[in-house]
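Please keep the sequence and the structure at hand while going through them.

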Amino acid sequence: RPERQQRARKTGAILRNSGKEIPRRVWYTPDWKEAARYMREWNREVQAMIDWIERHLQDSPTLDAMARHLHYSRFYCSRLFRQTAGVTLRQYLAGRRLYGATIAVRDTQRPIVDIALEYGYSSQSALTRAFQYAYGCTPAAYRSHPVPIPLTLRKVVLEPSYFIRKG
């Protein structure tokens with residue numbers, strides 16, 4: 001064990017709340033099975049982050065709140081999410097908020113200002129700017145003539161077998 005701890009210090013391993021050593025870089029890990037185990041653990045952690053975001057999407061989730069809930073540092077959550085999901089946490093949150101607002105604009109006749117406030121935008125103009133930047137049209141134009149647009153769907157970073165085993 002002391003040799004492993006010494007090797008962990010040399011390779012830049014970090015110690016988590018559970019007391020386990022997790023190397024910062026997978027390529028420092030001596031065998032591929034151990035590396036695969038670490039990667040599965042990271043995927044589970046990121047999936048827990050995504051699940052938390054989805055549950056709190058209309059409450060304007062923040063990195064601080066998520067880090068407190070998952071008992072990790074803000075830096076660790078942000079870095080791990082970016083490495084595993086391929087987008088920053090901020091980009092993912094903005095895309096998911098815009099997705100919810102887009103579906104609400106398309107499927108309901110509620111005022112756009114109400115939809116904007118429900119999905120965490122400060123005003124109708126903030127939603128219109130985000131909508132215009134992402135899709136090239138305003139929410140009102142989209143509502144009157146809905147066309148196919150690229151939406152930010154919920155990310156799944158775990159393999160399907162995880163969900164089959166989980167039930």
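1. Just after helix 3, His71 takes a positive phi of about 65 degrees. The model in which this is seen is a predicted one.

2. Helix 3 itself comprises residues 63-70, and Met66, Ala67 and Leu70 are buried in it. Viewed down the axis of helix 3, these buried residues fall within an arc of 100 degrees, so they line one face of the helix.

3. The loop that joins helix 2 (32-55) to helix 3 contains Ser60. Is Ser60 buried or partly exposed? With a relative accessible area of 40%, Ser60 is partly exposed, since burial would require a value under 20%. In sequence, Ser60 and Tyr119 are 59 residues apart, yet their C-alpha atoms are 7.5 Å apart in space.

4. The protein as a whole has nine helices and two strands. Read from the N terminus, the order of its elements is α-β-β-α-α-α-α-α-α-α-α. Of its 167 residues, 36% count as buried. Among contacts with a separation of 6 or more, 53% are between residues 24 or more positions apart. The accessible surface amounts to about 10500 Å², and carbon and sulfur atoms account for 54% of this surface.

5. Helix 7 covers residues 124-135 and has 12 residues. From its first C-alpha to its last, helix 7 reaches 16 Å, close to the 16 Å expected at 1.5 Å a residue. Which residues of helix 7 are buried? They are Ala126, Leu127, Phe131 and Tyr135. These residues cover an arc of only 130 degrees around the axis, which puts them on the same side of helix 7. The face turned away from this buried side carries the exposed residues Arg129 and Tyr133.

6. What covers the buried residues of helix 7? The cover includes helix 5 (89-107), helix 6 (112-118) and helix 8 (139-144).

7. Thr102 is a residue of helix 5. Its relative accessible area is 1%, so Thr102 is buried. Leaving aside residues up to four places away in sequence, Thr102 touches Phe131, Tyr135, Tyr142, Ile149 and Leu151.

Methods:
Residues are numbered from 1 along each chain as its sequence is written. This is a predicted model: local features need pLDDT of at least 70, side-chain atom pairs count only at pLDDT 80 or more; totals for chains, interfaces and linings use all residues. Side-chain values use heavy atoms; hydrogens and water are left out. Helices (H or I, at least four residues) and strands (E, at least two) are DSSP runs, numbered from the N terminus. The expected span of a helix is 1.5 Å times one less than its number of residues. Buried means under 20% relative accessible area, exposed over 50%, partly exposed in between (1.4 Å probe, protein chains only). The arc is that of the directions from the helix axis to the C-beta atoms. Contact means heavy atoms within 4.5 Å. Accessible areas come from the Shrake-Rupley method with a 1.4 Å probe; for residues, only the protein chains shown count as cover.
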